[in-house]
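Please look at the model shown here, and in particular at the place where its chains meet. The briefing starts there and then turns to one chain.

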Amino acid sequence: MLDIAVAYRRYQFIGDEFLTWLWFVIEQDAPLLRRLDNELASLEIGNRMVFENRYRKDSGETVTIKGDEANMDEGLLALKKGAMVAEVNLVYRAGDHEWRFNLKGESLNFSSLKVPETGKIETSDDIEGAVIEKVYLCEKITNLINALFAHFIKLRVSNEWSAQTVPSIRKWIGSASDV
Amino acid sequence: MGLLSTSVSITQYRVEGELPSPVNENVTAALKKHTINEIDNDASEQAVGWTSFDNPYQPDFEGSRFVIDTAWVFSLRIDKKSIPAKVLKKHYNIEVARRLVESGRDYLSKTEKKQLKDHVITVLSTRIPATPNIYDIVWKYEEGRLWFFSNLKAANEELETLFTRSFKLSLIRLFPYTAGLDAGLKGPEKDCLDQLKPTLFMD
């Protein structure tokens with residue numbers, strides 16, 4: 001295996017492609033999400049997306065779109081100009097419960113992960129139960145993202161990626177209207 | 001932001017290798033051996049060690065208290081003394097003035113100035129309490145998985161160093177490349193992963 005620091009830098013683009021593909025799947029292929037998580041009610045883009053163009057020499061542009069009423073057409077336009085999704089806020093729902101979190105492409109780190117409310121801790125005896133519940137709730141998200149990434153990476157190293165997926169994503173990006 | 005905080009950050013790791021049997025006793029021994037040392041009354045500027053999740057200021061790993069359900073839950077504690085720059089400057093200048101009077105000279109060499117500064121830092125470090133930072137860990141040994149509840153680069157690096165020293169196991173951070181290797185790719189697929197080049201989605 002490659003040196004870890006070298007591998008981290010060299011393959012950052014895989015994380016950006018993953019998040020870009022994930023946005024495409026959320027918008028265009030929701031049944032895939034349900035196949036990977038049968039408890040999923042919905043997975044949506046939340047209130048923040050960061051776009052970066054790392055690979056064009058003439059552009060080091062970063063575009064951040066935030067706000068609950070954010071116009072995602074601006075994001076598609078950023079993709080049109082060659083940017084990728086570098087970071088995204090996601091909202092996952094299952095049953096009556098909601099999870100919100102940020103996912104960063106280059107590291108696949110989770111941040112600001114808020115899970116459904118757990119029982120209050122009133123005595124030290126409550127801690128063990130609270131930990132078990134919190135771990136279970138966090139695991140819903142890590143399992144979902146790990147399953148999505150595993151699906152993505154198998155697709156990414158297959159011929160299907162360039163033959164079918166990339167043309168579909170280009171078509172979707174091309175559907176963006178100029179704003 | 002700990003495990004039970006309202007909002008958490010998670011860095012995922014894969015743990016490679018096996019602990020010698022009996023596993024619980026061995027992990028307990030390693031946690032005890034590398035428990036955080038208090039540095040409030042000595043000159044050390046930083047200490048890094050394991051501590052208890054439920055009682056981080058009085059670590060206690062007796063009786064496998066860190067075993068919760070199928071996971072080991074404990075914390076990394078990094079204690080650091082930060083001497084305010086203005087405090088350091090004040091005490092350094094006082095020491096320089098005192099040394100000049102004692103020596104009868106009107107200048108100090110570069111080496112003498114550095115020695116004085118180091119001396120001032122050492123003296124102040126014994127008087128300033130360390131600020132503790134606590135980062136929770138959930139280690140599912142049977143699954144070879146570990147969650148570290150922080151995305152801070154420095155904290156992750158301290159975890160990786162101390163973990164390897166304590167348990168003699170490999171701790172591999174999961175980012176796109178390592179997560180790709182972890183996703184069940186077969187031989188030729190792994191070769192493809194190594195050779196991937198960025199996709200351009202624009203026409």
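In β1(B), I10(B) is the bridge partner of F110(A). The model is a predicted one, in which local features need pLDDT of at least 70, side-chain atom pairs count only at pLDDT 80 or more, and totals for chains, interfaces and linings use all residues. Residues are numbered from 1 along each chain as its sequence is written, while chains are lettered from A and ligands numbered from 1 in the order in which they are written.

**Where the chains meet**

- Strand β5 (residues 110–114) of chain A runs antiparallel to β1(B), and 2 bridges join them; strands pair if DSSP finds at least two bridges between them.
- The contact takes 43 residues from chain A and 36 residues from chain B, where two residues are in contact if their C-beta atoms, placed from the backbone, lie within 7 Å.
- On the side of chain B that touches chain A, β1 (8–16), β4 (71–80), α5 (176–181) and α6 (187–194) of chain B each supply at least two residues.
- That side of chain B divides into 22 nonpolar, 10 polar and 4 charged residues, with Ala, Val, Leu, Ile, Met, Phe, Trp, Tyr, Cys and Pro counted as nonpolar, Asp, Glu, Lys and Arg as charged, and the others, Gly among them, as polar.

**Chain A**

- Chain A has 6 helices and 5 strands, these being DSSP runs numbered from the N terminus (helices H or I, at least four residues; strands E, at least two).
- From the N terminus on, the elements of chain A follow the order α-α-α-β-β-α-β-β-β-α-α.
- Taken along the principal axes, the C-alpha atoms of chain A fill a box of roughly 60 × 45 × 30 Å.
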